[in-house]
Amino acid sequence: MNTEAIKALNEQYLLNTYGARKLALVRGEGAKVWDAEGREYLDFFAGISVANLGHCHPAVTDAISEQARTLCHVSNLYYTGPQVELARLLSENTAADRWFFANCGATANEAAIKLARRYWAEEGTPKPGIISARNSFHGRTMATLTATGQERFQQGFEPLLPGFTYVPFDDLDRLRDAIKNDTGAILLEPIQGEGGVRTPSPGYFAGVRELCDERGLLLILDEVQTGMGRTGRFCGYEHEGIQPDIITLAKALGNGVPIGAMGCAERVTHGFAPGSHASTFGGNPVCAAAAVATVRELLRPGFLDKAAGTGERFVRGLRDVASRHGCVVEVRGRGLMIGVELDTPVAPVVDKLREKGVLCGPAGAYVLRFLPPLIVTEGEVDQVTAAVDEALGAQ
């Protein structure tokens, strides 16, 4: 089918939750994708930070194929090898000791919120209050939508869940003042993705960790977008020199296969007992096998260092471009999670870049967001940098 045929069927049969789309993509390989008419694009959005190993990575594709031929699905009433191997790999390479597997970032964060509340209930001192940051994004279930500190995502879904409080990101004093007697946890992103690729000030997260320790709170870090190597480390919190009590992963965990994960420190595990939480597809053998292959590739010696270096090159190039265009307010980010803030809406620039064969996306109305696969080459980065220069010059 060509693009128009796909678009017609979409408009006839799908709910219009995504609005009009410009492309119908049919194939991907590495950092490139092709539309239904065969036009090639450099994908510097990677499915919103999902295809961190690039599209159709051979190791992940082989793992999916082999597992699908062997055992596609059984319920969590039974043990499966891929699930326990994934949990082992994640425990050995993160701050978490034990894991629960979900379907996506929202359901991973949902599990984290439920664990935090259940933990305090089991302690005999219920503390349902959770503090999150303004301009955060944590998902679209009712709990994670409530945790999301952006009213535009919440409109029309009221009443929201009680027990959530919002404070400005990167403001330790306001966070401290927001803690009440019923506060049980603080939920933050190491870098705010949907909120504009907002990076914290040095020392902020060390202060948050110290505050949690002082007040006896759980620290939940949403690593759905920052995790899996996106910032140049396996998890974003590693840059901050801290250890969370609960972390969540998703997006790139399966390199395109739907899987999420919630991990926690040993001391928190008694919050969940048999029957307290579950997921039909969480830890599904095919998804878990894909995630095992993904994690192993990311942990290859030098892989993340190389990606971090490529990110530094990209930022340098974009800052050089910014010096020639007065519309650029700031270039910021970490690793290959990069935002370019403009003083005008970015939608026209996104369109111009697509016309030049580059895919990226917005983070709010004024920030261009680049989330290329971590396997992207320096040549591809330079090509996109030049395209950004041209697109801004055509403003």
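**Reading cysteines, cores and helix packing**

Tutor: Start with C287, which is buried, with a relative accessible area of 13%. Keep in mind that this model is predicted.

Student: Why does C287 count as buried?

Tutor: Buried means under 20% relative accessible area. C287 has 13%, so it counts as buried.

Student: How many disulfides does the structure hold?

Tutor: First, the general idea. A disulfide is a covalent bond between the sulfur atoms of two cysteines. Here the structure holds zero disulfides. Take C264: the nearest cysteine sulfur belongs to C235 and is 14 Å away.

Student: Which residues of the largest nonpolar core touch the most other members?

Tutor: To read a core, look for buried nonpolar residues joined through their side chains. The largest one has 82 residues, and L86, L90 and F370 touch the most other members. Then there is a second, separate core of 21 residues.

Student: What does F370 touch?

Tutor: Leave out residues up to four places away in sequence. The partners of F370 then include F44, F314, L318, C360 and V388.

Student: How do helix 4 and helix 10 pack?

Tutor: Two packed helices are described by the angle between their axes and the distance between the axes. Helix 4 spans residues 81-93, and helix 10 spans residues 285-298. Their angle is about 30 degrees, and their axes are 8 Å apart. The crossing of helix 4 and helix 10 is left-handed.

Student: Which residues make the contact?

Tutor: Helix 4 brings P82, Q83, E85, L86, L89 and L90. From helix 10 come P285, A288, A289, A291, V292, V295 and R296. Sorted by type, the contact of helix 4 with helix 10 has 10 nonpolar residues, one polar and two charged.

Student: Where is N284?

Tutor: N284 sits in the loop between strand 10 (260-264) and helix 10. At a relative accessible area of 9%, N284 is buried. Setting aside neighbours within four places in sequence, N284 contacts C72 and H73. D171 is 113 residues from N284 in sequence, and their C-alpha atoms are 40 Å apart.

Terms used
Residues are numbered from 1 along each chain as its sequence is written. This is a predicted model: local features need pLDDT of at least 70, side-chain atom pairs count only at pLDDT 80 or more; totals for chains, interfaces and linings use all residues. Side-chain values use heavy atoms; hydrogens and water are left out. A disulfide is a pair of cysteine sulfur atoms within 2.5 Å. Buried means under 20% relative accessible area, exposed over 50%, partly exposed in between (1.4 Å probe, protein chains only). A nonpolar core is a set of buried Ala, Val, Leu, Ile, Met, Phe, Trp, Tyr and Cys residues joined through side-chain atoms within 4.5 Å. Contact means heavy atoms within 4.5 Å. Axes are lines fitted to C-alpha atoms, for helices over the stretch in contact, and angles run from 0 to 180 degrees between N-to-C directions. Helices (H or I, at least four residues) and strands (E, at least two) are DSSP runs, numbered from the N terminus. A crossing is left-handed if the near helix is turned anticlockwise from the far one by less than a right angle, and right-handed if clockwise. Ala, Val, Leu, Ile, Met, Phe, Trp, Tyr, Cys and Pro count as nonpolar, Asp, Glu, Lys and Arg as charged, and the others, Gly among them, as polar.
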